[in-house]
Amino acid sequence: MLTHDLGRQVFGNPANAGNTISLQDANQLLDDWVKNESLKRHMRQVAALMKAWAREVEKLDDVGQLKWETAGLLHDADWDQWPDDHCKRIVEELEKRDIDPEIIHAIASHGPRFFGVEPVTTMDKMLYAFDELSGFIHAYSLMRPTGYEGMDVKGVRKRLKDKAFAAQVSREDIADAAQRAAREVDELIAFAITHQAGV
Ligand SMILES: [Fe+2]
């Protein structure tokens, strides 16, 4: 269906490799572009997961962690104001700012079904994997009297099977993304519960 087809597979300029965007600039961009507070929180939660995964699992250095974190922080930055141009706007903005192509590619490939861009790197695949799952887990936390407190993998699993709950979250995308990342969905759920609580 490719509702938001980006129409290309190459993003940014290889000469900009290593050009990160600072957290300050990324947050400023969010403040300028995003009025919806729950969307902002979603991006902060995905950013927290990406940073934690880069650090704990991939063992990346500070620059690597910042790349993962800012990709998470900005992946839906244009959704609030320009839903019809979703992904195109933020990709073009980061290209204009001469940001590292790896960061731009991760954002461009976070919804292969919509944007027509395949996740290639581990960063691409983990952003795709955490995006829907993080939103789902947060929705689940909101309906639990104790929020994230005492939440476990089994409870999340049960809700995933309940098709009426958070029906807009694609279970197929969650499974597809985990498979591409060669990770178990349960592992990703456990990681997300631990690392996005309180964000
Ligand atoms: Fe998202």
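Start with helix 3, residues 62-74: its 13 residues should span 18 Å at 1.5 Å a residue, and its end C-alpha atoms are 18 Å apart, which agrees. The model on screen is a predicted one.

Keep helix 3 selected and colour its buried residues. These are Leu66, Lys67, Trp68, Glu69, Thr70, Ala71, Gly72, Leu73 and Leu74.

Next, step back to the loop between helix 2 and helix 3 and select Lys59. Is Lys59 buried or exposed? Lys59 has 9 other C-beta atoms within 10 Å, and a residue with 12 or fewer counts as exposed, so Lys59 is exposed. Check its backbone too: phi of Lys59 is near 55 degrees, a positive value in a residue other than glycine.

Move on to the loop between helix 4 and helix 5, where Arg97 is found. Arg97 is partly exposed, with 14 other C-beta atoms within 10 Å.

With 13 other C-beta atoms within 10 Å, Asp98 is partly exposed.

Now select helix 7, residues 122-143. Helix 7 has 22 residues and reaches 32 Å from its first C-alpha to its last, close to the 32 Å expected at 1.5 Å a residue. Where is helix 7 kinked? Centre the view on Phe130, where there is a kink of about 25 degrees. Colour helix 7 by burial: 17 of its 22 residues are buried, so helix 7 is largely enclosed by the rest of the structure.

Finish by showing helix 5, residues 101-108, together with helix 7; their axes come within 8 Å and cross at roughly 35 degrees. The crossing of helix 5 with helix 7 is right-handed. Which residues meet there? On the helix 5 side, select Glu102, His105 and Ala106; on the helix 7 side, select Met123, Asp124 and Leu127. Sorted by class, this contact has three nonpolar residues, one polar residue and two charged residues.

Definitions and conventions. Residues are numbered from 1 along each chain as its sequence is written. This is a predicted model: local features need pLDDT of at least 70, side-chain atom pairs count only at pLDDT 80 or more; totals for chains, interfaces and linings use all residues. Axes are lines fitted to C-alpha atoms, for helices over the stretch in contact, and angles run from 0 to 180 degrees between N-to-C directions. Helices (H or I, at least four residues) and strands (E, at least two) are DSSP runs, numbered from the N terminus. A crossing is left-handed if the near helix is turned anticlockwise from the far one by less than a right angle, and right-handed if clockwise. Two residues are in contact if their C-beta atoms, placed from the backbone, lie within 7 Å. Ala, Val, Leu, Ile, Met, Phe, Trp, Tyr, Cys and Pro count as nonpolar, Asp, Glu, Lys and Arg as charged, and the others, Gly among them, as polar. The expected span of a helix is 1.5 Å times one less than its number of residues. The bend at a residue is the angle between axes fitted to the seven residues ending there and the seven starting there. A residue is buried if 20 or more other C-beta atoms lie within 10 Å of its own, exposed if 12 or fewer, and partly exposed in between; C-beta atoms are placed from the backbone.
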